[in-house]
Amino acid sequence: MNPAMENDLARRFPGVHFYNPVLVEVQDDVVIGAGTRVGSFTLIHAGARIGAGCTIGSHCNIHRATLGDRVAVQTGCHITRGVVIEEDAFIGPGVITLNDKLRGGELSFPLIGRGARVGGGSVILPGVAVGARAIVGAGSVVTRDVPEGAIVCGNPSRQRLLSRAPGEPPQ
Ligand SMILES: CC(C)(COP(=O)(O)OP(=O)(O)OC[C@H]1O[C@@H](n2cnc3c(N)ncnc32)[C@H](O)[C@@H]1OP(=O)(O)O)[C@@H](O)C(=O)NCCC(=O)NCCS
């Protein structure tokens, strides 16, 4: 381990735990709140705003996005520029967020609402808002906004299952 790099991250981000500081790149102009943990082989780009008490997994690419407090981003996620992830949201492994429709026009940015949970391997298309406390099933391609508290899954994702509160048994 390179002690200089370790000390640099410790100086820049007091109270943040980097599992292996040598295996993380954090560019300039990044804010990370205390109590956040960051895995290895993760790149955090300039302009990123990450709240306190978050978990950022390994092999993640976090662009100039805004993450609230206690957000979890699991291994292998691509959080593209302009994404907002509100507090207590959970982003499963391998989730990809997108901001460019590739059809010209303006970029538009996904929003993941407070306490929402996005299943592993899902793709969130440009400009889509996932409502607070919603659940996106694993492997979904989310092309439309998801209402608060809804459960959606599939490609394209649809509200195929009954919405229920987190922890409530299936109906
Ligand atoms: C969407 C989800 C929340 C639904 O859970 P559930 O309410 O317990 O649903 P069930 O397992 O009873 O399945 C209900 C139906 O939906 C289907 N289904 C469940 N998850 C699905 C998914 N991700 N995509 C497509 N269909 C799905 C099932 O096949 C079943 O269909 P059927 O009735 O025709 O057999 C869950 O399956 C899921 O994908 N969770 C995300 C897991 C994850 O990524 N965790 C990340 C951390 S490890």
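The shell around the ligand holds six nonpolar residues, six polar residues and no charged ones. Here Ala, Val, Leu, Ile, Met, Phe, Trp, Tyr, Cys and Pro count as nonpolar, Asp, Glu, Lys and Arg as charged, and the others, Gly among them, as polar. Twelve residues surround the ligand, and the closest are G92, G119, G137, A138 and C153.

The model is predicted: local features need pLDDT of at least 70, side-chain atom pairs count only at pLDDT 80 or more, and totals for chains, interfaces and linings use all residues. Residues are numbered from 1 along each chain as its sequence is written.

The protein has 21 strands and one helix. Two strands pair if DSSP finds at least two bridges between them. Two open sheets are listed below.

| Sheet | Strand order | Pairing |
|---|---|---|
| Eight strands | β1-β4-β7-β10-β13-β16-β19-β21 | parallel |
| Six strands | β3-β6-β9-β12-β15-β18 | parallel |

In the sheet of eight strands, β1 (17-18) and β21 are at the edges with a single partner strand each, so one side of each has no neighbour in the sheet. Within this sheet, β4 (residues 37-38) and β7 (residues 55-56) are joined by two bridges in the parallel sense, and V38 lies opposite I56 in β7.

In the sheet of six strands, the edges are β3 (31-32) and β18; each has a single partner strand, so one side of each is left without a neighbour in the sheet. Two bridges link β15 and β18 in the parallel sense, and I112 has V130 in β18 as its bridge partner.

I112 and V130 also belong to the largest nonpolar core, which has 44 residues. Such a core is a set of buried Ala, Val, Leu, Ile, Met, Phe, Trp, Tyr and Cys residues joined through C-beta atoms within 7 Å. A residue is buried if 20 or more other C-beta atoms lie within 10 Å of its own, exposed if 12 or fewer, and partly exposed in between. Among the members that touch the most others are I85, I91 and V118. Elements giving two or more residues to the core include β15 (111-112), β18 (129-130) and β21 (151-152).

Beyond its neighbours within four places in sequence, I91 is in contact with A72, V73, Q74, C77, I85, I112 and V118. Contact requires C-beta atoms, placed from the backbone, within 7 Å. Of the protein's 171 residues, 39% count as buried.

How values were computed. Near = placed C-beta within 6 Å. Helix = DSSP H or I, 4+ residues; strand = E, 2+ residues; numbered from the N terminus. Contact = placed C-beta atoms within 7 Å.
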